[in-house]
Amino acid sequence: MSDKNVCRECAFYEDHVANDGSVTQNAGLCRFNPPVSQPESNSRGLWPVVAAEDWCGHFHAPAASKAA
Ligand code: SF4
């Protein structure tokens, strides 16, 4: 397992922004699957929160950015 194949380098990782707009350090949302465990019918589903150094078998490298 390469330490480059961690969540913070994955195409499905998104910085976790709290409701007050602050970015949670060393944590992000995994967008690989739809939100899960909607506790009540009128509440939102939850995106899994992962640590930047976590990893899983669904790691996907982001597409290389194209030079303009
Ligand atoms: S849990 Fe897997 S799919 Fe989700 S961000 Fe981490 S490596 Fe990517």
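How many helices and how many strands does the protein chain have? The protein chain has 0 helices and 3 strands, where helices (H or I, at least four residues) and strands (E, at least two) are DSSP runs numbered from the N terminus. Before I continue, please note that this is a predicted model, in which local features need pLDDT of at least 70, side-chain atom pairs count only at pLDDT 80 or more, and totals for chains, interfaces and linings use all residues. Residues are numbered from 1 along each chain as its sequence is written.

Let us begin with the sheet. The strands form an open sheet in the order E1-E2-E3, with antiparallel pairing; two strands pair if DSSP finds at least two bridges between them. E1 and E3 stand at the edges with a single partner strand each, so one side of each has no neighbour in the sheet. On average, neighbouring strands of this sheet are turned by 55° against each other, direction ignored; the axes are lines fitted to C-alpha atoms, and angles run from 0 to 180 degrees between N-to-C directions.

I turn now to the hairpin. E1 covers residues 13-17 and E2 residues 23-30, and their antiparallel pairing spans 4 bridges. Tyr 13 stands opposite Cys 30 in E2, and Glu 14 stands opposite Leu 29 in E2. Between the two strands lie 5 residues, and in this hairpin Gly 21 takes a positive phi near 90°.

Next, consider Val 49, which belongs to strand E3 (residues 49-51). Is Val 49 buried or exposed? Val 49 counts as exposed because it has 12 C-beta neighbours inside 10 Å. By the rule, a residue is buried with 20 or more other C-beta atoms within 10 Å of its own, exposed with 12 or fewer, and partly exposed in between, the C-beta atoms being placed from the backbone. Beyond its neighbours within four places in sequence, Val 49 is in contact (C-beta atoms within 7 Å) with His 16, Ala 27 and Leu 29.

Finally, we come to the ligand. The residues around the ligand, with C-beta atoms within 6 Å of it, include Cys 7, Cys 10, Tyr 13, Cys 30, Val 50, Cys 56 and His 58. This shell divides into 10 nonpolar, 1 polar and 1 charged; Ala, Val, Leu, Ile, Met, Phe, Trp, Tyr, Cys and Pro count as nonpolar, Asp, Glu, Lys and Arg as charged, and the others, Gly among them, as polar.

How values were computed:
Two residues are in contact if their C-beta atoms, placed from the backbone, lie within 7 Å.
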